[in-house]
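Hi,

Here is the structure I promised to pass on to you.

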Amino acid sequence: MSADEKRMAKEKVVSLFYHAYNAYMDNAYPADELMPLSCKGRYRGSEPSRGDVDDSLGNFTLTLIDSVDTLAVLGDVEGFEEAVRNIIRDARFDCDVIVSVFETNIRILGGLLGGHVMASYFKRRGMGLSWYNDDLLSRAKEVGDRLLPAFNTSTGIPYPRINLKHGIVPQISSSHRDTCTACAGSMILEFAALSRLTGIPIYEEKARRAMDYLWQQRHRGSDLMGTIINVHSGDWIRRESGVGAGIDSYYEYVLKAYVLLGDDNYLHRFNKHYDAVMRYMSQGPLLLDVHMHKPNSISRNFMDALLAFWPGLQVLKGDLVPAIETHEMLYHVMQRHNFIPEAFTTDFRVHWGNHPLRPEFIESTYFLYKATGDHYYLEAGKKVLDNLETHAKVDCGLAAIKNVKTGAHEDQMDSYVLAEMFKYLYLLFTEQEDLAIDIDDFIFTTEAHLLPLTLSVGNSTPTVPKIRPDAYNFEVDLSRPVSDNYVTRLGEEVGGRGVGQEEGAESEEEGDHTCPAIHTTHASGSGYPHTVRSLIKNIVNRVSPHTRNRGPRLKAGDFIAGNKEQLDQLHAMGIRIATMADGRIQLLHTASEAHSPADAEDGMQFMQEMIELSKHQQPEAQHDPMFIHVTIPGLKETEVIRAGPAQFGYDLKDNTPVTGMLAVSRPYRACKEMENVQELAGHIVILERGDCMFVDKARNLQRIGAIGGIVIDHTEGSTSESQPLFAMSGDGTNDVDIPMLFLYHSQGQQLLHMLEDNSFLQATLSASSDPQPPSAQRAEQATATGPQGVDPSSGRTGETEPLPLLHQQPHLPSPHDDTPTPLAQGEEREGDAFTDHVMDKFYHHEAQLRDLYYLQVGSHYLHVNVEVRPSAVKPAAIESRPNTFSLDALPDGSKMVTARLSYLSPGYERNKPALNQMYMDTVHLLQLHTNLNHLPHTTDYLRALARCLEAGYFGMSRVDSDALTLLRGLSRQLQYVHRYPSQPDRPDPQSPQSPDSATTAGHTQGTAGHTQGTAGHTGAEKSSNDVDRSYAGAEDFTESAPHTPSDKSSASTQDSGGEGQGQRSGVSEGQYVRGEREHGARVGEGGALEIVGETRMDVPAQRETVTGDSGDGVAVKPADSDHSISQSQSSDFRDSQSQGLDNVDQSVTSSDSQSASSRQSGSQTSSSGVDSEKSGASNEQNKDGRPNDEL
């Protein structure tokens, strides 16, 4: 590298440093760390916990303290002085938080000491800070005092954690009894420096005692150390021994304690440890962990990035050959992945993919360059610098690498990036004469803080010659040919002990009592490192060649447990899946079972991604159970089933329950396009676990308009009685608005059996086991004054339209309750979050069993159920049969009409009841038990009902939007009334004025009753008594006699004399039609259904009949009286062979004459659609002579 290139590299280092430093000062200070992606500061407790990583934070301006002496090394005296002032002013160390003793020592205490040393250095040389008065040293003493209680253990090994304000609190003494070897053995430099700078010996004494105890606990046979030790008993908790995470800086501090303090004991200990490491762990350039008590047994087959400091330590030891080898191996790994992954396997594949911008590799690069002067290491440093700028630089600082393979960023910039990384990079590219300080007068701590070598003066330990020039000058004969054992022999010739030396042999060579320097000379000059490197030049590519592109790798986020293709991919990667007893799956990875090394690497990365996904999931908590209340509409019995919740979608705990009819998905697992979409819309859908994620099932249900889902476990025999509550997890995307619950297999089968027995089950999904949730969960209701007129074209009431309240528990009407339901009163309500999702769609559900035919049609606002059971004998009259009708207000604000019918038939397993008959009887029951006849626009509502029944009967997927609008209006106004209201003015059933009267099941039948006015009058205009008289009674219906077909285009009604009497023709036996009443229904000749609405006068009732044929026109025959105002509607239902209902049209004719006239036959009018309503009620009179507007 040329001088200009080196200078440009230095300038890039400075520029990149200030990019990150200024980002911290501008956006994060005085926070501990910068979050470069969020561009804000990270305070302890202000962000979600990252576990032990956060224990380095104490709300004490960590990054500024840790990086202050880097400003001094860069020669930025002005910036350094400003940073010192900021620390003195803002840093506080009395926060009530638990911090890591190790991290606080090396970063905070070491940073304050390094800042104090540099401030004193500049002050003595007149370079600035003339005002400085050991302020940082005073702050360092405060930190040391706060850490001292950690050493109060029986062994002298410090606790790993401490509360800055309260010391060792019960939480620490009970939960933090084990510490790592590096944590306990990396205190000596900072604590000894603090003692020697302040003259207070207690700090060094505590740290020495800890180091002495650790040395005593080494394995005497191998001289190796474990990784985790108990602070009270001294027992090793983890006996793995290595040079990486958990133990790395212990070895570093043993050697540097000798360098700084001049105590030969530390050098002796280091040489023992170093010999053991090189004997048992070193395998060429690799350093593998072993068991301390079985040193020939490898404990793991991967290495971590922290061992990258080891070549630099070997340089201080003077053992250059293995240092060059290991550094070269690491450099190749870095070149392959841009950064050294946090852990990698022995074949150099990624084991842990993250990289928090660790500085250990550049530290070793700097020391190797200082030792050899080889520009190769300048190029290596430049590669690191370029990668930082290319892959880690963001707008707000430098971001850690989340995965070296993908280059994804982490919202993290640790303080050591500024404290170590840029300090070593700057020193690497800067000439000695350009530095503001003489770097050789200082030693680096493990955090790269500078401590002066003059601290060793006055040490009382036995002294030996520290400087022997011949120990640093050696010659190596490189003229011999390279052989397989050349590296080992070369190491022996350099002066280090050979790997093959007998175990346990004590070395008394003088080199063991010296401190090797980093400056070396040799006969071959700069070619020496190159020769060593050439032996392992292509080791990484030879052991782990680049794999060819085999297509996209399966990622953990895309994994679906039941996907066969993905399971095959996992098998190829050496991953096996085991299903646990509670239904969860366990992934087991065995690299040796993979199809190839490349597949094994993919499997390792997949497992890592799966672990990362689990970290970001919410911690497993005690979820509250949910409940499914299963009821049959019209019955009070409720079955309550305990269910598991979902961690996504509609939250039943914070919102009202969801109620709907149950349906089963086809296909059962609902992972593909569903076949029975129309049956599932508006329903709570039952489905099975498997083939896709829970949240994907929910999305599929939501897409087709389902209002909820119940997932049944696919593991046969699983039950909630013996297994814990199972909570379904999502994928982090909050786009599901329907509730989902989980049932184990046994409880799911219980629900399915119930559905087999009753295909019209209703379920309520709730967070409460009480079927009636507390009133606090109900939405506030505002009461209106009464029913209002509805425009049939829009369904709106007056100026504003009440919105149905979903998930509500309204007042359930009963046959003995005259109080209108809140929904019928037109209350104003506010929708909730669930309302936005539900769409008003038509749906139908049909089921046929031998003993039951069931048809359900409707929309989100009104559900109409028709249940038809066969009878071996002719059934009794419909009005004399019990439990034939119910009107229920459902918790979601909708209403359900249920008609229970029975016809003479052997069963309905292979055939269906006639549509005409079902429709007519359903209308009959509505007239008997509701206020249907009292509502305006009844004929429009009946037309909508006819369209829906037709669509459901013949399996059509939709109806016109007008029909849905009318159903909505009907749902709002339909009310239950007494079956037979008392009517004082009703004629005596035995009187001759009512010859058609008869007694059925204890009820009196007659033809009494007054009709309501024509359009323009609402129910609010009539008194309650008169309103009651407008409802249908049992006497208004008579069983029809067999009919004789006549003219196909009409069905006539012949008067037989008395008022209210009439003989019907054109109806089928067993059918019921209205007699002399408004809004009646009858079957005309040829099976045509007639819905007749009329207003009675004081003259005998005359009816205008309307019939339809297969054409578009509808024939209208005027009534016998020109003075009657009649309204009739005809719906022509084709028979079962024609498979359809034709147009349902209506015609309205009116006349203001009140005299009787002869029938006008042959007059016909064609009409399509709904004519506007004609006013004329003001001139009408009832048969008592009163104007109808008084009713």
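Cys 948 has a relative accessibility of 1%, so it counts as buried. Cys 95, at a relative accessible area of 22%, is partly exposed. Please keep in mind that this is a predicted model.

Now to the bonded cysteines: there are three disulfides. Numbered in sequence order along the protein chain, the bonded cysteines pair as 1-4, 2-3, 5-6.

Cys 39 is joined to Cys 396, with an S to S distance of 2.3 Å. This pair links distant parts of the chain, 357 residues apart: Cys 39 sits in the loop between strand S1 (33-35) and strand S2 (40-42), and Cys 396 in the loop between strand S15 (393-394) and strand S16 (397-398). The link is right-handed, with 75° about the S-S bond. Cys 39 is partly exposed at 32% relative accessible area, whereas Cys 396 is buried at 5%.

Cys 180 and Cys 183 form another disulfide, S to S 2.2 Å. Its torsion about the S-S bond is about 90°, which makes it right-handed. Both Cys 180 and Cys 183 are buried.

Then there is the disulfide of Cys 671 and Cys 692, whose sulfur atoms are 2.0 Å apart. Cys 671 lies in the loop between strand S25 (658-664) and helix H22 (677-680), and Cys 692 in the loop between strand S26 (684-688) and helix H23 (694-704), so the bond ties together parts 21 residues apart in sequence. Here the torsion is about -80°, so this disulfide is left-handed. Cys 671 is partly exposed at 24%, while Cys 692 is buried at 13%.

Best wishes

Conventions
Residues are numbered from 1 along each chain as its sequence is written. This is a predicted model: local features need pLDDT of at least 70, side-chain atom pairs count only at pLDDT 80 or more; totals for chains, interfaces and linings use all residues. Side-chain values use heavy atoms; hydrogens and water are left out. A disulfide is a pair of cysteine sulfur atoms within 2.5 Å. Helices (H or I, at least four residues) and strands (E, at least two) are DSSP runs, numbered from the N terminus. Buried means under 20% relative accessible area, exposed over 50%, partly exposed in between (1.4 Å probe, protein chains only).
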